[in-house]
Amino acid sequence: MITERRIYTPKPGAGQLTQHLRTLQSATTDAGFPPISIYRKVIGPHGILVTDQKWPSLGIYDEARSKVRNTKTITDIFSKIYPLLASTHVTEIYEDLE
């Protein structure tokens, strides 16, 4: 099992980011991909949002990348997210040791 974590740093005043990530959360599961959890960073730079998504393996995650990029409902949401970001999101992959 792995966890894909994405860290989103918005531009000041980009209050719509939370709503777009919630829409992405629904679109992701509707398209048959693993659910996304959304978190707001409490300490540190203001407004940072983090998503976590669990995948059965790194191989399955890698195979799904092209499917995600070809899912119009998801890419349409990202086209609304990217202009709100101070920089591109950071993706981290964690391996579950249990």
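Author: Start with a cut-off: a residue counts as buried under 20% relative accessible area and as exposed over 50%. Note also that this is a predicted model.

Reader: Which residues of helix 2 are buried?

Author: An α-helix has 3.6 residues a turn, so residues three or four places apart point the same way. In helix 2, the buried residues are Y61, A64, R65 and V68. Viewed down the helix axis, the buried residues of helix 2 fall within an arc of 130 degrees, so they line one face. E63 and K67, on the other side of helix 2, are exposed.

Reader: What span does helix 2 reach from its first C-alpha to its last?

Author: Helix 2 covers residues 58–69, which is 12 residues, and spans 17 Å, close to the 16 Å expected at 1.5 Å a residue.

Reader: What covers the buried residues of helix 2?

Author: The cover includes strand 1 (2–8), strand 3 (49–55), strand 4 (90–95) and helix 3 (72–81).

Reader: In what order do the strands of the sheet lie?

Author: The sheet is open, with 4 strands in the order 2-3-1-4 and antiparallel pairing. Strand 2 (36–40) and strand 4 are the edge strands, each pairing on one side only. From one strand to the next, the twist averages 20 degrees.

Reader: How many bridges join strand 2 to strand 3?

Author: The two strands run antiparallel and are joined by 5 bridges. S37 has D52 in strand 3 as its bridge partner.

Reader: Which strands does helix 2 touch where it packs on the sheet?

Author: Helix 2 touches strand 1, strand 3 and strand 4, and its direction makes about 50 degrees with that of strand 1.

Notes: Residues numbered from 1 in each chain as written. Predicted model: local features only at pLDDT ≥ 70, side-chain atom pairs only at ≥ 80, totals over all residues. Heavy atoms only, no water. Expected span 1.5 Å × (residues − 1). Buried < 20%, exposed > 50% of the residue type's maximum accessible area, 1.4 Å probe, protein only. Arc of directions from axis to C-beta. Contact = heavy atoms within 4.5 Å. Pairing = 2+ DSSP bridges. Axes fitted to C-alpha atoms, helices over the stretch in contact; angles between N-to-C directions.
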